[in-house]
Amino acid sequence: SKNNLEIFGFDINTDRFKYLKNENIKQIDNLKALIDLSDIIITMLPDGKIVKNVWSEIIKYSRNGQYIIDCSTIDVKTSIQIQQEAQKKDLFTLDAPVSGGVMGANQGTLTFMIGGSNETYNEMKFIFEIMGKNSILCGKIGAGQSAKICNNMLLATTMIAVGESFELGQRLDLDPNKLFDVLSTSSGSCWAINTYCPIRNVGPTSPSDNGYKGGFSSSLMFKDLGLALEAVKQTNSKANYGMQTYKKFKSIVDNG
């Protein structure tokens with residue numbers, strides 16, 4: 001609203017809106033009404049099956065010339081398929097998954113990885129500048145999803161390696177703050193250290209300082225790793241560390 005935009009929200013889980021009580025988002029109780037009121041529709045949903053179902057409803061109720069942006073992380077094949085269906089009805093589409101987690105969303109520092117036409121991206125760029133810090137057009141439709149699964153496979157792998165490095169440091173009686181000072185400024189530096197350090201009271205505020213309260217869940221990362229490994233098989237790539245990371249997250253999710 002501070003950018004002179006009227007914002008409407010719909011979610012089948014109405015509990016979501018209690019987190020938005022200080023935001024100027026008008027809660028709408030059905031999808032058709034939301035689509036009738038909106039020029040730009042943004043979806044962010046847990047998996048490809050749900051996105052496909054919701055997009056089929058949006059396409060059904062839509063009018064020519066509306067913009068639909070999907071910020072979910074889903075498989076590339078589904079992303080391309082739903083966008084092609086929407087474009088048949090003269091809708092403009094982008095896939096625009098995000099990186100930066102709950103903290104990035106709250107602070108407006110997300111990075112959007114975007115797939116779609118240059119023209120549609122340029123028309124919608126102002127939206128990404130409001131919601132985040134960076135937006136990168138990665139290629140045609142589906143390219144945003146491709147970039148996101150590569151990113152999250154790397155992120156999940158480095159998070160595990162960071163944890164192992166800090167555990168080794170503790171067993172060697174190193175002060176974790178001193179180890180952070182070294183790692184964050186040396187060749188081992190990475191986002192998982194600099195922004196998401198897993199040790200309480202070390203580095204910038206991260207989930208470890210918040211009692212590991214629920215944010216981006218392990219099950220969602222496990223899902224993203226599954227998407228990455230599906231793409232690894234389809235492209236006949238190698239991802240030995242990605243596979244080990246997938247197994248590690250599987251054990252975490254299986255153990256609750």
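1. Helices (H or I, at least four residues) and strands (E, at least two) are DSSP runs, numbered from the N terminus. The expected span of a helix is 1.5 Å times one less than its number of residues. Helix 5 (residues 118–131) has 14 residues. From first C-alpha to last, helix 5 reaches 19 Å, close to the expected 20 Å.

2. This is a predicted model: local features need pLDDT of at least 70, side-chain atom pairs count only at pLDDT 80 or more, and totals for chains, interfaces and linings use all residues. Residues are numbered from 1 along each chain as its sequence is written, and side-chain values use heavy atoms, leaving out hydrogens and water.

3. Helix 5 has a kink of about 50°, centred on Met-124. The bend at a residue is the angle between axes fitted to the seven residues ending there and the seven starting there.

4. Met-124 is also one of the buried residues of helix 5, along with Thr-120, Tyr-121, Ile-127 and Phe-128. Buried means under 20% relative accessible area, exposed over 50%, partly exposed in between (1.4 Å probe, protein chains only). Their cover includes strand 4 (67–70) and strand 8 (132–139), where contact means heavy atoms within 4.5 Å.

5. The structure holds eight salt bridges (a side-chain nitrogen of Lys or Arg within 4 Å of a carboxyl oxygen of Asp or Glu). One of them joins Asp-254 and Lys-250 at 2.8 Å, N to O. These residues sit four apart in helix 10 (residues 240–254), about one helical turn. Asp-254 is exposed at 52%; Lys-250 is partly exposed at 37%.

6. Lys-223 and Asp-224 also form a salt bridge (3.4 Å, N to O). Asp-224 is buried at 2%, while Lys-223 is partly exposed at 22%.
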